[in-house]
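Hi,

Here is the model I said I would pass on.

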Amino acid sequence: MSRRVLYVVPLKDRWAIKNAVTGKLLSNFPTKSEAIDAARKISNGDPRGLVVYGRQGQPFLKVPLKVTQSSRLSESKVRAAVRAVAKERQETYKTS
Amino acid sequence: MPHVSADFERNVFINCPFDDQYQPLLHGIVFCVQMAGLVPRCALEATDAGELRLEKIVRIIGECKYAIHDISRTQVGRNRLPRFNMPFELGLDLGCRKFGEGRHRSKNQLIMESVPHKFQQYISDIAGQDIVAHANQVAQAIRYVRNWLATESSAKTVPGGDYIHDQYKKFRADLPRLCGKLKLKPREISFGDYCQIVRVWLEEKG
């Protein structure tokens, strides 16, 4: 069975999940984080089943497994850290 | 003949020094490659225990259409001997393009040094190639890598050099806090860790 690949792509002011093969837009969200979380759920957490695009339309490709195997960091831990730091920055910005 | 992988068109081999002094440039170059939508590869990546270093380098060169060679660090070291690894790997890559078959003939190289025309004093055979001087400045190196990728690579949408550098500065500002949350010291980050952190950061913010 072939793997289902999803893209998270910019859609005007929102972020959409797109089927990589059919090009069909499956759903869209107000924030990129929400779109990523929903796409990860649909792809059952398969790291090769999701490609996230940037605002300029460039894909952020996964580095081959043989490279990331040298990393002790799980993707979900890194994502949680990135979101936590972004939240802290927002809160600091609000209070300053 | 080196193996040609399916990701050949997306892979960028980075041949540069791995010392602490060069690390800001390496990190900037890796960030720029990932922001362009391509995949950085280098000899620091994981390997099978039985694979010899030269075998690994040859395999990676064979798997990459693009290569960035920084030959700036050839000065004589404490042992009064120059470092030849970078020019050697540049030679391997140029040889792969010249004598390889099929897709290897389409390989493309960016050669960088720190001071303009210094290479002519120690590796004059490569005169005639486009060689750029980054003056050990991260912003400069990012701009050269970005411009080369925008014109030569399969990447369709590469943001401007200044924009990439701005994003890189934001990423660098976040990195100490990220390391704190991941219970890592910045010096402990491996090449694989760094690529993983950059990619997820770009996915969330880019």
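Let me start with where the two chains meet. Keep in mind that this is a predicted model. On the chain B side, 39 residues are in contact with 36 residues of chain A. Between them the two chains bury about 3500 Å², and 58% of that is on carbon and sulfur atoms. If you want to know who contributes on chain B, look at Arg177(B), Glu203(B) and Glu204(B): they supply 20% of the area that chain B buries against chain A, more than any other three residues.

Helix α3 of chain A (residues 75–95) packs against helix α6 of chain B (residues 191–205) at an angle of about 55 degrees, and their axes are 9 Å apart. That angle makes α3(A) oblique to α6(B), and the crossing is right-handed. From α3(A), the contact is made by Glu75(A), Val78(A), Arg79(A), Val82(A), Arg83(A) and Ala86(A).

Now to the strands, chain A to begin with. Strand β1(A) (residues 6–11) runs antiparallel to β2(A) (residues 14–19), and six bridges join them. The two form a hairpin with two residues between them, and in the turn Lys12(A) has a positive phi of about 50 degrees. β1(A) also pairs with β4(A) (residues 50–53), this time in the parallel sense and over three bridges.

Chain B has an open sheet of five strands, in the order β2-β1-β3-β4-β5, with parallel pairing. β2(B) (39–41) and β5(B) (131–133) stand at the edges with a single partner strand each, so one side of each is left without a neighbour in the sheet. From one strand to the next, the twist averages 25 degrees. Further in, β1(B) (residues 11–15) and β3(B) (residues 66–70) run parallel and are joined by four bridges. Within β3(B), Ile68(B) is the residue that stands opposite Ile14(B).

Cheers

Note on methods: Residues are numbered from 1 along each chain as its sequence is written. Chains are lettered from A and ligands numbered from 1 in the order in which they are written. This is a predicted model: local features need pLDDT of at least 70, side-chain atom pairs count only at pLDDT 80 or more; totals for chains, interfaces and linings use all residues. Side-chain values use heavy atoms; hydrogens and water are left out. Two strands pair if DSSP finds at least two bridges between them. Axes are lines fitted to C-alpha atoms, for helices over the stretch in contact, and angles run from 0 to 180 degrees between N-to-C directions. Angles under 35 degrees count as roughly parallel, over 145 as roughly antiparallel, 65 to 115 as roughly perpendicular and the rest as oblique. A crossing is left-handed if the near helix is turned anticlockwise from the far one by less than a right angle, and right-handed if clockwise. Contact means heavy atoms within 4.5 Å. Buried area is the accessible area (1.4 Å probe) that two parts lose on being put together, summed over both.
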